[in-house]
Amino acid sequence: MAAIQKITQLHAQWDTQDPFLFCAFHNDKYPKGNGQLGPATSLAGRNLGQDFVQKDGWAMYHGSKVPGFPGHPHVGFETVTIAEEGFVDHSDSLGAAGRFGQGDVQWMTAGKGVQHSEMFPLINTEKENPLLLFQIWLNLPASSKNVEPYFGMMWNEKIPVVSTQDNEGKHIQIKLIAGNYKDTKALAPAPDSWAANPENGINIWLISLEPEATFTLPKGAAGANRSLYFYEGEMLYAEEFEIPPMHQIKADPTEELVLKNGNQKAQLLLLEGKPINEPVVKHGPFVGNTRKDIETAFMNYQQTQFGGWPWDSHEHTHAADRGRFALFPDGNLQKP
């Protein structure tokens with residue numbers, strides 16, 4: 001039986017399958033920094049506050065001086081933010097903060113409501129500041145939609161990475177954000193996450209293939225949804241298909257999928273898991289099961305601001321010379 005069900009081209013926001021809501025992909029070639037964490041180049045001609053056009057290979061997004069996403073609310077789902085290159089300055093309404101990047105992952109459960117900002121500080125002033133980032137929206141079941149918000153960090157140094165070879169000695173690397181590959185398990189996800197129950201079969205992997213490597217994606221859980229995102233490389237070959245980069249492969253998880261890489265290093269993201277199978281009603285960053293859920297979330301936000309905003313700016317950033325860190329709502333400070 002063939003494993004591949006559908007192949008589609010990718011755009012800025014990647015289509016996902018239940019239990020995932022969507023995946024944002026940021027691949028920005030930011031220039032040198034100006035010493036204040038912004039770009040050392042003119043911002044003329046950009047629609048500041050709403051700059052998504054990738055002029056010169058990068059965008060300011062909603063930032064005015066530093067690229068990124070100033071304070072905004074979330075309700076009813078989780079964000080899994082994988083910062084493979086570059087940095088993110090996090091601040092939120094719980095009082096939590098952090099700077100993460102260079103392979104770190106932030107796992108945040110919005111639950112009943114939280115505000116956070118995600119700015120992309122351009123720390124390097126002597127060289128460019130490339131950013132490669134995935135933000136995956138993972139839904140919560142109705143039973144967990146109103147849990148307390150949670151802020152968690154996975155430092156790159158502690159994230160399990162499996163290095164293996166194919167029959168020709170070509171190298172394959174699998175970085176496990178969630179789930180397991182053979183006998184290697186990822187770090188624990190957020191406690192109220194759909195991923196916290198192993199029976200839900202959630203796998204979030206970053207897969208790197210050496211040129212001409214062959215990788216067999218093993219069988220997953222029956223009933224799960226499986227999507228592979230081929231975001232960097234020259235060509236993949238699978239089941240008589242030639243698949244160029246920036247394409248999504250939807251596959252049957254009950255069948256192995258053999259991938260043969262082309263002449264350049266290939267990079268893929270795997271999102272897999274059993275669906276929640278509940279109605280989804282979305283309004284921007286608010287996710288519920290019914291329209292009433294959204295109305296309640298708006299009312300709660302208007303009344304409480306989800307705890308308010310304890311920072312001096314909705315575009316809050318940390319000191320340029322500060323390294324990677326996480327400050328938790330209870331005041332606990334953690335560094336990798």
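The questions below ask how some descriptions of this predicted model follow from their definitions.

In this predicted model, local features need pLDDT of at least 70 and side-chain atom pairs count only at pLDDT 80 or more, while totals for chains, interfaces and linings use all residues. Residues are numbered from 1 along each chain as its sequence is written, and side-chain values use heavy atoms, with hydrogens and water left out.

Q: What makes the buried residues of α1 line one face of the helix?
A: Ile294, Ala297 and Tyr301 are buried (under 20% relative accessible area, with exposed over 50% and partly exposed in between, for a 1.4 Å probe and protein chains only). Seen down the axis, the buried residues of α1 fall within an arc of 60°, taken from the directions from the axis to the C-beta atoms, so they line one face. On the other side, Lys292, Gln302 and Gln303 are exposed.

Q: Why is the pair of phenylalanine 134 and tyrosine 231 called edge-to-face?
A: Rings of Phe, Tyr and Trp (its six-membered ring) pair if their centres lie within 6.5 Å, and planes under 30 degrees apart count as stacked, over 60 as edge-to-face and the rest as tilted. Here the centres are 5.1 Å apart and the planes at 70°, so the pair is edge-to-face.

How values were computed:
Helix = DSSP H or I, 4+ residues; strand = E, 2+ residues; numbered from the N terminus.
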